[in-house]
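This report looks at a pocket, a cavity and a chain interface. Keep the structure open while reading.

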Protein chains: 2
Amino acid sequence: MTEPTGERFAGDPPPALRGAVVDLLGVLAYGQLTAFSRLAADAESAPDLLDRVSIAELAGRQLAGFDLIAERIQYLGVPVAEAMRPFVGPIDAFHQRTRPANWLEGLVKAYVGDGIAADFYREISAYLDSDTHQLVDRVAATDQAGEVLVKMVRGRIEADPAISGRLALWARRLVAEALSQAQRVAADRDNLTGLLVGSSELPGADLAELVAIFGRITTSHQGRMSQLGLSA
Amino acid sequence: MTEPTGERFAGDPPPALRGAVVDLLGVLAYGQLTAFSRLAADAESAPDLLDRVSIAELAGRQLAGFDLIAERIQYLGVPVAEAMRPFVGPIDAFHQRTRPANWLEGLVKAYVGDGIAADFYREISAYLDSDTHQLVDRVAATDQAGEVLVKMVRGRIEADPAISGRLALWARRLVAEALSQAQRVAADRDNLTGLLVGSSELPGADLAELVAIFGRITTSHQGRMSQLGLSA
């Protein structure tokens, strides 16, 4: 892990937001770390060497994103492991409940699952300080694994169109499980929930904003599904 | 994978060495890629979050080393997958025959196994052009994972000294399997063998040099074993 330089940060987030910032960075850090593990495992089960290299490189990008977030967490004076710990249970549960049956399901999970998570983190970060918001944007951009995965999945579906129904079903299960674990996090972590629904210290999003947020996340998700050639 | 820039290379190796260079870079590339996979899997089974992060970062360094080698292979006009392909069989066989029974054996394998492989590649690269030699040195330096792994393994042995006998036995098995696969590679790849034992085009190392090479590799290996607190 690179030593924290803190150079690129203007300063600490406002005190009222600090808990939410650490929570968001913690869940994001552990999400990146597990995405790294999953992609590294996907790389290993790739059917050929070229695909193996491409997916290993995607795993490397997740780790690079993790490094950026870890640096910021350390800058805020919080041990990275401590910031991640509250989210180990829900994220591990998500992965245990969505074990890909094969390589292709792993790729769909990486593209659809990581994509929806990134959108969600970006939307939340808009309610935080601009340093955090920019960092989350930057990590999401680092993750842009889109083209490579889309090409691989589309190639397989074109070769065997019959698999598309099963993959679409798989994607729906991923989203349902992600939502279910997100609700669990929301119930546990007032810091994050407060950003969206308001708290004594934070105004939160109003209902129209919430509708708009979920509308944008849904639209992006449908865009990814159609990129893969799957019906959402 | 980064696009090849070729900027840091003075030029092509001499024609008589080209085959050996491509072979050495190919075996090294696939070795790095599998070391990445193994460390990523070790990270996932780490007993705590801090260790998990440290080992994931080591995996990331193996991938960075892979990128450097892949760039050079592409610069030489050879597809990376093609350069690696002859070595997939022997390296996969090595990993299949040395599956760690637990996390600690995985760490010893990473430290002892990758260490001896790196020494071996460095010794061979001394017979090649200086660009290749420097690149192999640089990758070996990038891999310097020593301190982190040593600290973890030593800590576990101190907490439970009874495991050191089993781990020393494990390390001996790793070396024996590595030698056995290296012999298989040597029998198949005249390009590499020619460097050490000579061929119609290359003078090769003389007997005194061979003895010195294996002496240095053995000494380094014993050094790593004693770093871990194990008898070689």
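## The second largest pocket

In this predicted model, the lining of the second largest pocket divides into 28 nonpolar, 11 polar and three charged residues. The pocket holds about 1000 Å³ of space. Its lining counts 42 residues. Closest to the centre are Ala117(B), Phe120(B), Tyr121(B), Ala178(B) and Ala182(B).

Seven helices of chain B each give two or more residues to this lining: H1 (15-44), H3 (80-97), H4 (103-125), H5 (130-142), H7 (163-188), H8 (190-197) and H9 (207-228). H4(B) gives the most, with nine residues.

## Enclosed space

Rolling a probe the size of a water molecule over the atoms shows where empty space is left. Here the count is two cavities of 30 Å³ or more. The largest cavity holds about 70 Å³.

Which residues line the largest cavity? They are Ala35(B), Arg38(B), Leu39(B), Asp42(B), His95(B), Pro100(B), Gly106(B), Lys109(B), Ala110(B) and Asp114(B). By class, that is four nonpolar, two polar and four charged residues. H1 and H4 of chain B each supply at least two of the lining residues. Both H1(B) and H4(B) also give two or more residues to the lining of the second largest pocket.

## The interface between chains A and B

The size of an interface is often given as the accessible area lost when the parts come together. Between chain A and chain B, the buried area is about 2100 Å². Carbon and sulfur atoms give 66% of that area. In chain A, Leu49(A), Arg52(A) and Glu57(A) lose the most area to chain B. Together they account for 28% of what the chain A side buries.

By contacts, 24 residues of chain A meet 24 residues of chain B. How many salt bridges link chain A and chain B? The count is two. One of them pairs Arg38(A) with Glu44(B), with the closest N and O atoms 2.9 Å apart.

## The chain A side

Three helices of chain A each supply at least two residues to the side that touches chain B: H1 (15-44), H2 (49-75) and H3 (80-84). The largest share, 11 residues, comes from H2(A). By class, the side of chain A that touches chain B has 15 nonpolar, three polar and six charged residues.

Technical notes
Residues are numbered from 1 along each chain as its sequence is written. Chains are lettered from A and ligands numbered from 1 in the order in which they are written. This is a predicted model: local features need pLDDT of at least 70, side-chain atom pairs count only at pLDDT 80 or more; totals for chains, interfaces and linings use all residues. Side-chain values use heavy atoms; hydrogens and water are left out. Contact means heavy atoms within 4.5 Å. Buried area is the accessible area (1.4 Å probe) that two parts lose on being put together, summed over both. A salt bridge is a side-chain nitrogen of Lys or Arg within 4 Å of a carboxyl oxygen of Asp or Glu. Helices (H or I, at least four residues) and strands (E, at least two) are DSSP runs, numbered from the N terminus. Ala, Val, Leu, Ile, Met, Phe, Trp, Tyr, Cys and Pro count as nonpolar, Asp, Glu, Lys and Arg as charged, and the others, Gly among them, as polar. On a 1 Å grid over the protein atoms alone, a cavity is a set of points where a 1.4 Å probe fits but cannot get out, and a pocket is an open set with protein on both sides within 12 Å along at least five of seven lines; lining residues have an atom within 4 Å of a point. Grid points are joined across faces, edges and corners, and a volume is the space filled by probe spheres set on the points.
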